[in-house]
Amino acid sequence: MKTLIIAEKPSVGKEIARVLGATQKSKTFIEGKDVIVTWALGHLLGLKMPEEYKSEWATWDLNTLPLVPEKMLTKPLKNTSGQLKAIKQLANRKDVGSAVIATDAGREGELVARWILEYVHFNKPVKRLWISSQTDKAIKDGFKNLQPSEKYTNLYESAVARSEADWLIGLNVTRALTVKYQDNLSAGRVQTPTLAMVRKQEAKIASFVPETYYTVQLMMNGKKASLKSRAPHKYTKREEAENLVDSLKNKPVVVVDVKEKQSIQQAPLPYDLTELQREANQRYQFSAKKTLSLMQTLYERHKVLSYPRTDSKYLTQDMLGTMKERVMAIQGFAPDDVKKILKNGAQVTLKSVFNTSKVTDHHGIIPTEERPRPEKMEADELKIYRMVVERFIGLFLPAYKVSKTTIVFSAEDILFHLQQEVVLEKGWKKDIQKLEGNDYQLNEQFNSPVYTIQKQLTEAPARLSEGALLQNMENNGLGTPATRAEIIEKLISSDLMERTQNKLSTTPKGQQLLTLVNPALVTPELTSKWEKSLEEIAKGSLRKEEFLTQIKKETARLVTEIKNSTQTYKDHSLTSKICPDCGELLKERNGRDGKVLVCSSSTCSYRRRKDPKLSNHRCAQCHRKMEIHEGKTGKYFKCKYCNVTEKIEGKNSKKPSKHETKKLMKKINQQEEEAESPLALAMKAALEKKG
């Protein structure tokens, strides 16, 4: 009998098949002697839409809300139904005696596979492949240690609960808001409090009033000692600061206290997904979605990183024996460090990193034992990989040790303090500069002291970066490491939030939504409580049914609140432009390549770009880039500065592709070979004459 193995993606399925020796390739599966490896394409099934439960739910009407099906059902997704049909045929083969779930080892991966197995009514034994990297060794070891699928049933229940809760809350609240205020207003149990965090920061910026103040410093050997006591740290008037300096400038300064304290700082733990996304955003301005995508490629294609969608920074105790092999794999990236680490027997200095009890579904993100091939990596992939390697190397290096000295100076009982540091051992902070030591002695006196007065202005809070928002989401229990990037992107695609130069802001539509949506969904407390409940379901300490009963009650309450609301709404996206098809006003929307205008009528499909597309074609008069317009006779170039127009056809016709060029050249060469040259014709004539 054969085992049916279900991977999450074709690329992963093909790698598993290669490692297991399956070679008979088909469009939808790869077969071997004892295994059949197939794959999903992400989710192949989703929850049914309202109209598929009841016909009257197809109409968006407040009177039909809330929509709460007695039992929530799944349906095949239209674009991937062919693959689902293929898996069903494989599952029903008489020579298939068992199955292995080999989707991503996490909550969503469990949902992908379990929904498929339920849909095809698979009633044979099922095992679970649970691995944290995609290397050949990890796959082989994983198949040697397959787990019973029942071990992950609670994780599946948690995934179902999350999916159904999002359907109930998100769909009902979104439909209620959209119908009541006649605009597409998207809300959800996680995305709405996330949007509120961005708005809260904007409110702080709006209410900020800058203030000018003055500070006094004592200059000691080019370093500034700050006021400590017996005088304000800040002065609102310069005269007050000047009066203090005048009273002290002829008085001696005495060292009245010298305190030294040694500090030891251990290397940081490996990254979890959220911290890596935050730091990549800070260093390289990568969005959370981009960072996750890069990591997924490093995990799946290059196989040089462990599983990325983790919320743990610790390693399991049994991984201790794999450290040397992982260090050897990164030799090309840090040869000097690796040489020292191997000379020391690849001993991990940060022993606390090995804590099995603090590892959830997956351990912290570290390199695998697969040797990286930089020439096959994109530049951005290398950036992420180097970040992980740097953090990993720190586990083997000594702690950072520093001696901190605080010197207190007294001038007429006015105290100033100066802090100095001496690096005793750089340890894992390899690039830190060596700082000067303490040059002051107790009771040492200085005459003719120098003071400075600095004018300063209080700074407004900055708008949230994506990294800062990720931190806030994590702190407030909003979403999971695997879903936070998706939530941010959804807010942006829904025109509720904007991203400008790595900073986030709410749109007028988003600002209004927060005034219209239920107060319980604006603050993170309720959503955080729900996320904790989902964790309890995964651990087996809460039943899925209890959680969903609570969600259904909350859904009814939220819908009633919206129905009874007296708030008003203004659609800021409406323009004064008229739709040429139906006469209604046009709305402005964000498109893939710029702003677009769409008809405000739900029954009209009119759509066009707001501004003409800018081409690389230059104007003959002013040499600036020309716009692409479309008229009755087709597309044409137009210069908005000179009003010069040019037809696109002719000299600007489309260039042939490489394939077309190659085909044409082959035809020309063939014709040339078939044609006789003048020399050949002359020789032929001479032979005929001789004959």
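This is a predicted model: local features need pLDDT of at least 70, side-chain atom pairs count only at pLDDT 80 or more; totals for chains, interfaces and linings use all residues.
**Helices α1 and α4**

Helix α1 spans residues 10-20 and helix α4 spans residues 136-144. Their axes come within 10 Å and cross at roughly 75°. Angles of 65 to 115 degrees count as roughly perpendicular, and α1 and α4 are therefore roughly perpendicular to each other. On the α1 side the contact involves I16, R18, V19 and L20, which meet D136, I139, K140 and F143 of α4. Sorted by class, this contact holds five nonpolar and three charged residues, with no polar ones.

**Helix α3**

Helix α3 is made up of 13 residues, 107-119. From first to last C-alpha it reaches 18 Å, close to the 18 Å expected at 1.5 Å a residue. Ten of the 13 residues are buried, so α3 is largely enclosed by the rest of the structure. The buried set consists of R107, G109, E110, L111, V112, A113, R114, W115, I116 and L117. After α3 comes H121, which has a positive phi, near 55°.

| Helix | Residues |
|---|---|
| α1 | 10-20 |
| α3 | 107-119 |
| α4 | 136-144 |

**Residue Q317**

Where does Q317 lie? Q317 is in the loop between α9 (288-300) and α10 (323-329). Its relative accessibility is 45%, so Q317 counts as partly exposed. Leaving aside neighbours within four places in sequence, Q317 is in contact with F354 and T356. E535 is 218 residues from Q317 along the chain, and the C-alpha atoms of the two are separated by 24 Å.

Key: Residues are numbered from 1 along each chain as its sequence is written. Side-chain values use heavy atoms; hydrogens and water are left out. Axes are lines fitted to C-alpha atoms, for helices over the stretch in contact, and angles run from 0 to 180 degrees between N-to-C directions. Helices (H or I, at least four residues) and strands (E, at least two) are DSSP runs, numbered from the N terminus. Angles under 35 degrees count as roughly parallel, over 145 as roughly antiparallel, 65 to 115 as roughly perpendicular and the rest as oblique. Contact means heavy atoms within 4.5 Å. Ala, Val, Leu, Ile, Met, Phe, Trp, Tyr, Cys and Pro count as nonpolar, Asp, Glu, Lys and Arg as charged, and the others, Gly among them, as polar. Buried means under 20% relative accessible area, exposed over 50%, partly exposed in between (1.4 Å probe, protein chains only). The expected span of a helix is 1.5 Å times one less than its number of residues.
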